[in-house]
Amino acid sequence: MKIYLDDDLRGFSPSRLKVLSDEMSSAGVDLQYQVYSRNGAMNVTTRYAQNRRMYLDGNFRIDTNGLPELWLISFDVINNRIDTTPTELRSFQYQLLRRVVNFAEKVGIYRINYFVTRTDSGQHKNMCVSAEETMQICKELGFKESTRCGSDSSQLHFVKTLLSY
């Protein structure tokens with residue numbers, strides 16, 4: 001019964017943020033968080049992003065209405081330098097997304113919902129990985145493409161179920 005009364009199940013508590021920080025630091029990434037909405041949502045960015053070749057800028061949510069789900073509303077890897085190769089950018093995004101999956105497994109998240117916005121190349125010139133590349137990364141990490149939750153032509157929705165109850 002203690003597990004169900006624990007506030008850690010209800011969002012981005014300090015203990016959950018520590019798990020995420022530890023996971024990301026193993027990839028050499030130090031994150032800063034802006035938690036809001038009763039710990040149910042947060043903006044995430046790489047600490048000292050302006051000094052990095054590439055960095056993460058994202059928005060995560062935890063939904064606890066039913067089994068706990070992590071929603072990656074935005075998970076953008078931004079390129080800060082002209083000498084960064086597409087292979088480096090793709091590898092960085094893969095590493096970060098894999099670390100988020102590890103985090104979710106460690107804290108008992110049931111499912112990850114990841115939304116990818118399709119953009120034209122001129123709209124976000126600093127965005128590193130195309131929607132097509134991101135689709136491939138998702139498939140490599142075991143995500144499935146979904147049509148639920150209002151996906152449309154400008155947005156792709158991927159789902160990865162972590163725990164089976």
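A residue is counted here as buried when its relative accessible area is under 20%, and by this criterion buried residues make up 42% of the 165 residues in the protein chain of this predicted model. The accessible surface of the chain comes to about 9,200 Å², and carbon and sulfur atoms account for 48% of that area. The chain contains four helices and seven strands, which follow one another from the N terminus in the order α-α-β-β-β-β-α-β-α-β-β. Of the contacts with a separation of 6 or more, 58% are made by residues 24 or more positions apart.

Helix H3, which spans residues 86–106, has 21 residues and reaches 30 Å from its first C-alpha to its last, close to the 30 Å expected at 1.5 Å a residue. Its buried residues are Leu 89, Phe 92, Gln 93, Leu 96, Leu 97, Arg 99, Val 100, Val 101, Phe 103 and Ala 104. An α-helix has 3.6 residues a turn, so residues three or four places apart point the same way. The partners against which the buried residues of H3 pack include helices H2 (14–25) and H4 (131–140), together with strands E3 (54–63), E4 (69–79), E5 (111–117) and E7 (155–161). After H3 comes Gly 108, a residue with a positive phi, near 85°.

In soluble globular proteins, nonpolar side chains tend to be buried together. In the present model, the largest nonpolar core has 40 residues, and those with the most contacts inside it are Phe 60, Leu 70, Leu 72, Phe 75, Leu 97, Tyr 114 and Phe 143. At least two residues of this core are supplied by each of H2, strand E2 (41–46), E3, E4, H3, E5, H4 and E7, and H3 gives the most, with eight residues. When residues up to four places away in sequence are not counted, Phe 60 touches residues including Phe 12, Leu 20, Met 42, Val 44, Leu 70, Trp 71, Leu 72, Phe 75 and Val 100.

The structure also holds four aromatic pairs. In one of them, the ring centres of Trp 71 and Phe 115 are 5.7 Å apart and the planes are at 15°, so the pair is stacked. Because Trp 71 lies in strand E4 and Phe 115 in strand E5, this pair ties together parts that are 44 residues apart in sequence. Trp 71 is buried, with a relative accessible area of 16%, and Phe 115 is also buried, with a value of 9%. For Phe 75 and Tyr 114, the ring centres are 5.8 Å apart and the planes are at 80°, so that the pair is edge-to-face. Phe 75 belongs to strand E4 and Tyr 114 to strand E5, and the pair therefore ties together parts that are 39 residues apart in sequence.

Methods. Residues are numbered from 1 along each chain as its sequence is written. This is a predicted model: local features need pLDDT of at least 70, side-chain atom pairs count only at pLDDT 80 or more; totals for chains, interfaces and linings use all residues. Side-chain values use heavy atoms; hydrogens and water are left out. Buried means under 20% relative accessible area, exposed over 50%, partly exposed in between (1.4 Å probe, protein chains only). Contact means heavy atoms within 4.5 Å. Accessible areas come from the Shrake-Rupley method with a 1.4 Å probe; for residues, only the protein chains shown count as cover. The expected span of a helix is 1.5 Å times one less than its number of residues. A nonpolar core is a set of buried Ala, Val, Leu, Ile, Met, Phe, Trp, Tyr and Cys residues joined through side-chain atoms within 4.5 Å. Rings of Phe, Tyr and Trp (its six-membered ring) pair if their centres lie within 6.5 Å; planes under 30 degrees apart count as stacked, over 60 as edge-to-face and the rest as tilted.
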